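This report concerns a single protein chain. Please consult the sequence and the coordinates alongside the text.

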Amino acid sequence: MTLPATRRTVLLATGGATAAAALTAGCGDSGSSSSSGRPSATAGQELAKTTDIPVGGGKIFADEKVVVTQPTKDDFKAFSAICTHMGCTVSTVADGTIDCPCHGSKYHIADGSVAGGPAPKPLPTEQITVTGGTIKLA
């Protein structure tokens, strides 16, 4: 015997699938990167002025998929902004770490090494040049 579908059973049946799809989509890359996962920016592209990057902090360039940090004065570092856990883009740089919003992974601003969370490996380094107060992708 088949019971008639009520509004509640239809919502429950479709809501679970929708929620699962939303959770899965939230952990992946938005698809705007190249297939290699490398930044979409080109070599020589200006990212920022050195004064834009705070000492002991950093700045995320989401479109380029790069995060630039300044662990100590005049020491600039660059890393991929894609979390090594599930491919989310990191969202903040605070208290000496680069933080991923998806599952709580944290990376040290000095070397991209894992500071906490489920990330299995460090953030890959990115090549930059710092000349005349300007930071560019190398």
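The sections below cover model confidence, overall architecture, the open sheet and selected residues.

## Basis and confidence

The model is predicted: local features need pLDDT of at least 70, side-chain atom pairs count only at pLDDT 80 or more, and totals for chains, interfaces and linings use all residues. Residues are numbered from 1 along each chain as its sequence is written, and side-chain values use heavy atoms, with hydrogens and water left out.

The pLDDT, the predictor's confidence in each residue on a scale from 0 to 100, has a mean of 81 over the chain, and 70% of the residues reach 70 or more. Within residues 7-39 the pLDDT is below 50; this stretch has 21 contacts in the model beyond near neighbours in sequence, where contact means heavy atoms within 4.5 Å.

## Overall architecture

The chain contains one helix and ten strands. These elements are DSSP runs numbered from the N terminus, with helices (H or I) of at least four residues and strands (E) of at least two. Read from the N terminus, their order is α-β-β-β-β-β-β-β-β-β-β.

Of the chain's 138 residues, 33% count as buried; the term denotes a relative accessible area under 20%, while exposed denotes over 50% and partly exposed the range in between (1.4 Å probe, protein chains only). The accessible surface amounts to about 7,900 Å², with carbon and sulfur atoms contributing 57%. This area comes from the Shrake-Rupley method with a 1.4 Å probe; for residues, only the protein chains shown count as cover.

## The open sheet S2-S3-S4

Three strands, in the order S2-S3-S4, make up an open sheet with antiparallel pairing; two strands pair if DSSP finds at least two bridges between them. S2 and strand S4 (75-80) are the edge strands, each pairing on one side only. From one strand to the next, the twist averages 20°, with axes taken as lines fitted to C-alpha atoms (for helices over the stretch in contact) and angles running from 0 to 180 degrees between N-to-C directions.

Strand S2 (residues 57-61) and strand S3 (residues 66-72) run antiparallel and are joined by five bridges. Gly57 has Gln70 in S3 as its bridge partner. Four residues lie between the strands of this S2 and S3 hairpin, in which Lys65 takes a positive phi near 60°. S3 and S4 are likewise antiparallel and joined by five bridges, with Val66 standing opposite Ser80 in S4. The hairpin of S3 and S4 has two residues between its strands, and there Asp74 takes a positive phi near 65°.

## A buried loop serine

Ser105 lies in the loop between strand S6 (97-99) and strand S7 (106-108). Why does Ser105 count as buried? Ser105 is classed in this way because its relative accessible area is 1%. Apart from neighbours within four places in sequence, the residues in contact with Ser105 are Cys83, His85, Ile98, Asp99, Cys100, Gly116, Gly117, Pro118 and Ala119. The side chain of Ser105 also reaches the backbone nitrogen of Ala119, at 3.1 Å.

## Threonines in strand and loop

Thr134 belongs to strand S10 (residues 134-137) and counts as buried at 12% relative accessibility. Its side chain makes a polar contact with the side chain of Lys49 at 3.4 Å. A polar contact is a pair of N or O atoms within 3.5 Å; within protein, one must be able to donate a hydrogen and the other to accept it, and residues adjacent in sequence count only if both atoms are side-chain atoms. Beyond neighbours within four places in sequence, Thr134 is in contact with Glu46, Ala48, Lys49, Thr50 and Thr129.

Thr51, in the loop between S1 and S2, counts as exposed at 71% relative accessibility. The C-alpha atoms of Thr51 and Thr134 are separated by 8.7 Å, although the two residues are 83 residues apart along the chain.

Thr42 occupies the loop between helix H1 (7-27) and strand S1 (46-49). Thr42 is exposed, with a relative accessible area of 53%. Between the C-alpha atoms of Thr42 and Glu64, 22 residues apart along the chain, the separation is 8.6 Å.
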